[in-house]
Each structure stands twice: as C-alpha cells, then as structure tokens.
Amino acid sequence: MNFNLSEEQNMLKDSVTRFVQDEYDFESRRANAASDLGFNPKNWQTFADLGWLSIPFDEAHGGFGGGATDVMAVMEEMGKGLVVEPFIATVLMFGGLLNKSGNAALQDANIEKVIDGSLQGAFAYLERQSRFELADVKTTAKADGNDFLLNGEKTVVSNGAAANKVVVSARTSGGQCDEAGITLFLIDTDAAGVERTSYRLMDGQLVANIKLTDVRVAADQVLGDVDNGYSIIEAVVADVTIALCAEALGIMQKLTTTTIEYTKTRQQFGVAISSFQALQHRMVDMFMAGEQAKSILYRAVCAAESGADDLAKNIAALKVMTGRNGKLIGDEAIQLHGGMGLTDELDVGHYVKRLMMINTTFGDADFQQKKFNQLSHT
Amino acid sequence: MNITFSAEELAFRDEVRAFLSENWTEDLATRIRGLDDEFKAAQIEWQNKLNDKGWLAPGWPVEQGGVDWSVTENFIFETERSLAGAPDVVPFGLKMVAPVIYGFGSDEQKKRFLPRILKSEDWWCQGYSEPGAGSDLAALKTKAELDGDDYIVNGAKVWTTYAQYSDWIFCLVRTDSSGKRQDGITFLLIDMKSPGITVNKISSIDDHHSLNEVVFEDVRVPVANRIGEQDKGWTYAKALLAHERTSIAAVADSKRRLRELRKLLAQEVSGGRPLSEDTQFQNRLSNTEIELMALEFTELRVLASTADGKGPGVESSLLKIKGTEIQQAIQQMYMDLAGYYSGVIHGEETAETIGHAFGHDARQAYMYGRAATIYGGSNEVQKNITAKYVLGL
C-alpha cells in the first residue's frame, strides 16, 4: 500500500504545474476560452511536444501507457489552472473509446494523430431528452448494405465544434432506454449530413449540437460490436469521471488557498478578516471538504488501478462527494470574498462555474447518490 | 499508488481471520456487553487473548512487548477486527499512558509499568480535565508540591472514564504557576489506592456509569512516579494528544456499525415493506457511508505519513472531527430506526417481552455518543487548531 506518486509521475505532474505557472495566467485563459476554437492551438502543440497527449495510450501505439494515477496527477494541476484545452474530450474520451473499442484498424488509423496533436476528437453521447441517462438514445443507425445510415441529434458535445472526428452513440436495436442495442460509430465531422451548431457553457468551453441526417458510415467504423456499445461507454465514463474529479480537486484546493490568502489581506473593523473565528471555522470546513474529496479520489484511483469489484460504487461515491464538497467550497469561496466574489474580473467565480459543470457532467450528486444506493442495496 | 496486498499481507490477513474466529466467541461477545465487573472481566479476557498472540500493543517498541506492524498490517488487523465485531482495547493504559512511559519514562518505570499494562493487571484512567480546564487544558489547577521524596497533590479531576475500575491514574498537575501556563505542568503516575483519593460517580444521560470525579486531598506521590522532568509534562502530553485524536476517529468501528445498520434496515418493516427500501433512509445511509469511505482513506493517508516518520500531526484534528460526526450520524439512524423502542429502558423486562431488541442499546450509544464531539478537545477547538496550525490563520 502506498499513496505516493512514482518519480515519473511526479515529473509529469511538475511539467503541468510549470505550464500552468508560465503559460496560463488568468487573462491568457480568458483569451483561450474566448477564441473561435474554444482553446489555444499553440498550447495543444505544447501538450503534444511534452507527451501529455500520449498518456492513456499503450506503448504499441506510441503511447505512455499511463493509468488512473497518471491521469489524476495531470488533471489535478490542469484544474488549478482552469485549463480549457480539450484534453478530456480528445485524449480521455475520444482516445479512451478507441482504446476500449478493440478495433485495431481504427486504433492504428487514429491514435497516432491524437498523440501528435493533429486530430481533435469528441464523444457525442447526449440527446435533448436524455438528461444523465447514458442509455437514453433515440438517434438511429440503420444497416444499408455494408454501411449504416445515422439519423438524429446529439447535444452538448464537448469539443464538438473543433473536433475532426466524433464518436456517436446510436441505436441499432432495442427500446429508447435499453442498454442493449447501442452501437458506437466513428464519423468525420465534415461528412455529408453532419450539421453542427456551437455554443458556450458557463465554464467557458465551446460545445456543439450535432444533427445527423442520413449520415453514411461504413461498418468498419464501428467501435466494439454492433448493439454492444454500452459497456464501452460505461468503462470510458468511469475513467473520465475519475479525471474530472481530479480536476475538481485541483480547483477546490486553488479556491481554498485563494480564499485563505484573501482573508489575510482584507481588512475590516481595523483587522484582517482572517482573525474572525466565524470565518476561520468556515475555512476549516473548506479545507476538510477538500481533504475528504482527495481521499475518496485516492480510493477510486486505487480501485481503478487494481480493477476492484466495487469500482462502480467507489466512482459513484467519488462523484457524489466531489459534487457536494465542490459546492460547499465554491459557495464559501464566494461568500468569504464578499462583494468581490461576485465580480467577473476575479477568477473565483470562474473556478466555481467549472466546478458546477463538473458536478453536472455524467450525472450530478443526487443522480450519483441514487446510483450508489442501488449498488449498495443489491 | 495502490492498496493491493502482497502475498505476505494476504497470509497475515488469513492469520488474523483464523485468530478472530477462534478467540472472539459469541460467549465473550455477550459478556463484554454486560455491566461493571462482568464487562471488566470479559474485556481483560479479550485483551489477554490478544496479548498471548503478541498482538495487543501495535506501535509499542518490540523489546517492550509491542508488535511492529506496517501501516498495511495495522489496517488489515483493524478491518478484520471490526468485521468480526470485536472491540478495541481499553485505550487508557495501552494507547495513552504506555507511549508516554516508553517514550519519556525511566528504565525503572518501563520495567515496573509496561508488563502490567500488557497483562491487563493494571487498569488505567486519564487525569487531564478539571472543573475549570476542559478543552482549555492548560488552565489546569490541581497542584503538586514537593515535600522530600514525594509530591503532595491537591485538587480534582473530572470526566474520568473508568476511574471506578482503575488501579492507576496518569495526571497532569501544576508544579509552577509563575510563567507561561504550559510551562509549569508535570506528568505524574498516581496509585489510585493512595490515601486521600476519592472517586465520585457522575451519573450520565446514557444511564451507565463511566464518568467520575476524582478528588485529591494531600495525596503523597513518590517523585519516582514522575515522568521525565518536573514542569515539562505538557511536552509529553502533547505528543499523546495527536494519537488520542487519531484513535477517537474509530473508522473501523463505524464501518461495522454501518454494516449492522444495513442488516437491521432490511429486517425492520414499515407499512409491510422493509425500511431498507425507504429512500430517506437510503440517502442518510449513503451520505454517511460515502463520508466514511473517504475518511478511511484520510486515516490511511495519515498512517502512511506516520510510517514515513512524519507523525500523526495536525491532520489528526480532521480525523477527530469527521470521525465523531460520522459516529453521531450512525447513532441517530439507529435511534430513528428503533422508533418508539428507542425510549425503552430495560429493567425486569427482556427484549422478548418488550418485542424489540436494540432500542435500549441504540439510545445508550446515542446518549453517550454526545461525548465524542466534546472529549479529546471539542470539535470546535479542533477547528481552532486546524485554522492556526494547518491553514496559518
């Protein structure tokens, strides 16, 4: 048993920390998010040069062969910088789906390009009606000779605007909410019948709705087996949930530190407001919430690294606690900054909004708690 | 980063399981839940079984009869112990005064006291709190004045758990009040049979007797029973407080209680349906379980940093606060689960005639459980400590 990072993992973490320090002051971040792509391509090339884009891929594909611990080390630091570059969408989601697809030809054709930074990817899993249910899929895929024809609309696709290729979940059989009968297709975003509308979310990320009208996809562009895409989705969402919660942890730590520093400098009634016990106890609550979130993250990472039987339960617990503790820390950070906490000029509100989006992604704390209850009950 | 067990660690786990299944019997479990003498005898019997195996004193130096488990082995033992429902040792001798004795005591004191603690021949209690010194421990006033080879002790200690069973009490006493409050405190080991000691029972809201007031009137204590130097007692005691806070968290015991609670919820019914289907209960259970799953790893992180030689430091306050909040949340769920029966006081009538078994125990745990957020330095004081020493406020 150990909770230390390896030397290699520490170096990886340090390289992200340095990048955030040198290249990612708050004004740069604001400009990156506001750009047409929703991120800065120069930074993306830096990620490629530093080898970060290769982290989850195996060595046979030129990857780093990293696991949950490596991803955690990187994401925690990216959270501190509020990095908007689509590392999660392209590398962890899109790349993760390729990894778990078992389709060697698709892997050979695409992983290298993700690693060298030339390919942007996304995963289109949501639809207007689906809320947090990954299996609620109305988009259809009908066999047509050696091809499939896709029709439907996917929504709130992270990095959907910049992506060259998108993995789409579509129904090949079964009812609207059945886990069986979902198939994953790899499509080009410039293919005929693909129509994208992009918009921004409160955390600055650029997302897209993707309308599919008779989009023709060859059968060799299926990830995994026809009708059996759901288990791949579940496995990738589990991995990415850990990554998101690591990012959230970095944000929680940053907000706590920022708040403590602010109360030490802010004077009211002739003294620093950090001297008030009522505020000290609130900051201790923030600290404890962050430490507990860190512990449950470590727990989930250990479970993922060892392939534990109760991984799903650990991940649900992680998502619940990250959502709730993130809310506590975010609310307190704004409260203790007083009126300044409400200004767009200050970075605090932007960190809080990212925490809020992370809470929503893949199901909020209430949704995940229900899942945890079901897993505990059986 | 991982928590996988090596082959040796898995073998150790099997050994712990075998030991527990042989030694932690139904009969012993029944007797240890009893009152007064029955409880004390059963607790000693259990501790002796652990001692015979050499597992009573993890953390003690091996040459003093301790066992040098790794963090992982300690974790395995605690997990298995709690799964089996076996209780922790009574901490006052084994976990509280012993580290002070082997850490700061003389060779003579080690020889005299440690073997008797291991054999449970001496039962210890803790003389820290006073009527005027609770969470503000350094305000203590019980006075010790040197008179030849003895100290003469006068004053009173309060909230002294198990003083009525105890052979010895370890005390913080004031030997100098001229300087900083922390500077004039001395650590004394006092024989409870000394003339001038009176133990007064304090009846508590749980209908049990565990708390006492211990009054000292001209009690003579040989200088040989002083730990380390005069006026330096605060330093010795402080090292202990972090350990105390860590063990108060009682993570393994909360895991066991939560597991039992889930079983009870499946048995109890409301409107003909098991309460385990009630979404309110499900959410309360998972709120607590998730917090506990995290705390288990917080504890492991603290233990791992202890193993790296960094000591259970100021993070122990977090363990104490969260651990006791979880305990109280669990106690509350037992109470609510018991409903009307949480009010029942067992006397002549048995669970069979009343028709319900756990209400009385649930209330007792709930009532006494109020103490957990108060003792060991109240949770509010723990927040002050964290604000000052961890957050630098």
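In which loop of chain A is A:Asp309 found?

A: The model is predicted. A:Asp309 sits in the loop that lies between helix 8 and helix 9 of chain A. A:Asp309 counts as exposed because it has 8 C-beta neighbours inside 10 Å, and the cut-off for exposed is 12 or fewer. A:His337 comes 28 residues away from A:Asp309 along the chain, and the C-alpha atoms of the two are separated by 43 Å.

The helix before this loop can be taken next. Helix 8 of chain A covers residues 277-306, and its axis comes within 9 Å of the axis of helix 4 of chain A, residues 68-81. The two axes cross at roughly 150°. On the helix 4 side the contact is made by A:Ala68, A:Thr69 and A:Met72, and on the helix 8 side by A:Leu297, A:Val301, A:Ala304 and A:Glu305. Sorted by class, this contact has five nonpolar residues, one polar residue and one charged residue.

Helix 13 of chain B runs over residues 379-390 and has 12 residues. From first C-alpha to last, helix 13 of chain B reaches 15 Å, close to the 16 Å expected at 1.5 Å a residue. Its buried residues are B:Gln382, B:Lys383, B:Thr386 and B:Ala387. These four lie on the same side of helix 13 of chain B, because they cover an arc of only 140° around the axis. B:Gly392 follows helix 13 of chain B and has a positive phi, near 65°.

For chain A it gives domain 1 (7-119), domain 2 (122-227) and domain 3 (231-377). The C-alpha centres of domain 1 and domain 2 of chain A are separated by 23 Å, and 16 residues of domain 1 are in contact with 17 residues of domain 2. On the domain 1 side of this contact, the elements that give two or more residues are helix 5 (87-101) and helix 6 (104-116) of chain A. Helix 5 of chain A supplies the largest share, six residues. That side divides into 11 nonpolar, five polar and no charged residues.

For chain B the assignment gives domain 1 (7-101), domain 2 (124-231) and domain 3 (238-390). The C-alpha centres of domain 1 and domain 2 of chain B lie 28 Å apart. Seven residues of domain 1 of chain B are in contact with eight residues of domain 2 of chain B. Helix 5 of chain B, residues 91-104, gives the most to the domain 1 side, with six residues. By class, that side has five nonpolar residues, one polar and one charged.

Notes: Residues are numbered from 1 along each chain as its sequence is written. Chains are lettered from A and ligands numbered from 1 in the order in which they are written. This is a predicted model: local features need pLDDT of at least 70, side-chain atom pairs count only at pLDDT 80 or more; totals for chains, interfaces and linings use all residues. Axes are lines fitted to C-alpha atoms, for helices over the stretch in contact, and angles run from 0 to 180 degrees between N-to-C directions. Two residues are in contact if their C-beta atoms, placed from the backbone, lie within 7 Å. Ala, Val, Leu, Ile, Met, Phe, Trp, Tyr, Cys and Pro count as nonpolar, Asp, Glu, Lys and Arg as charged, and the others, Gly among them, as polar. Domain bounds come from an automatic or database domain assignment. The expected span of a helix is 1.5 Å times one less than its number of residues. A residue is buried if 20 or more other C-beta atoms lie within 10 Å of its own, exposed if 12 or fewer, and partly exposed in between; C-beta atoms are placed from the backbone. The arc is that of the directions from the helix axis to the C-beta atoms.
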